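User: I'm new to this one. Could you walk me through a few of its residues?

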Amino acid sequence: MTSAVQPTRRGVLGAAGAGALAVGLTGAGGSAAAVSSYRGNRGDRSDRGDGRPADGGRGRTVAILLYDGFTALDAVGPYEMLCRLPGVRVVTVAHRPGPVRTDTGQLALTAERALADVRRADVLLVPGGGNRGTVATMEDRAVLNWVRLLHRRTTWTTSVCTGSLILGSAGLLKGLPATTYWASRPYLAKLGAVWTPGRFVEAGRIITAAGVSAGLDMGLHLAARLCDDATARATQLAVEYDPHPPFDSGSPEKADETTRRLALKLIDDAVVPAA
């Protein structure tokens, strides 16, 4: 990674200062609920012409990357939408099998397989994380090489939150529309991507989701792609995903500056510092 795109360890999720907030919100005139689409290359193992597999989801593998400092819901949200699909196998992957701690250090998920043991997947999902985890993974050559390797043969390569910065560091987002966590938007341009509003943004066979909870929406979209709309609708009901939050501050465009500052402070204060 060149110094031009080298993020600071506090900067990936946005400094809590007014300057970073102003940059992060620049050009945010689009609808936060919109789904943006880019007419790129579709999954090359589909004969439907719309990116969906022709086999109804049979024998598909979803590989979810885990790394020290990832954010739990970034991985677990899509997992819940995909793990019950007929014929779809979800596998968690890390440098080595075993427990991997999240950004707060209070929770660990178990990686089933090592990077070296997973050489192919139909779907690759890269979660985001706290500053420490995201930055370290953006600089991790073994992980970036693995992401590039899997991307060669995936039907869809996906990310949630700052996971898109990891895809960008692997060189996969150059010239493509993409999204990420709201305070990290400026970094997409530094990695060659074009920030585009939306809960998730589809650019050919790359799909990037916005912050944390947007992975649930992307997961449902993938459920429809891997199977069909009827199965995706049933999945939504199976997990009773019918959000009616008690507050209307779920995007930076809706929140005031005090709320935005406090949100970044809550994230920063909860993250386990580097050893």
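Predicted model: local features only at pLDDT ≥ 70, side-chain atom pairs only at ≥ 80, totals over all residues.

Analyst: Residues are numbered from 1 along each chain as its sequence is written, and side-chain values use heavy atoms, with hydrogens and water left out.

User: Is L220 buried or exposed?

Analyst: L220 sits in helix 7, residues 214-226 (helices are DSSP runs of H or I, at least four residues, and strands are runs of E, at least two, numbered from the N terminus). Buried means under 20% relative accessible area, exposed over 50%, and partly exposed in between, using a 1.4 Å probe and protein chains only. L220 has 12% relative accessibility, so the word for it is buried.

User: Which residues does L220 touch, not counting those up to four places away in sequence?

Analyst: Contact here means heavy atoms within 4.5 Å. A234 is 14 residues from L220 along the chain, with 10.0 Å between their C-alpha atoms. Leaving out residues up to four places away, the ones L220 touches are M81, A232, T235, Q236 and Y241.

User: What is phi of C161 near?

Analyst: C161 is in the loop between strand 8 (156-160) and helix 5 (163-169), and it's buried at 3% relative accessible area. Most residues other than glycine have a negative phi. C161 isn't glycine, yet its phi is positive, near 60 degrees.

User: And what is phi of V212 near?

Analyst: V212 lies in the loop between strand 12 (206-209) and helix 7. With 25% relative accessibility, V212 counts as partly exposed. Its phi is also a positive value in a residue other than glycine, near 35 degrees.
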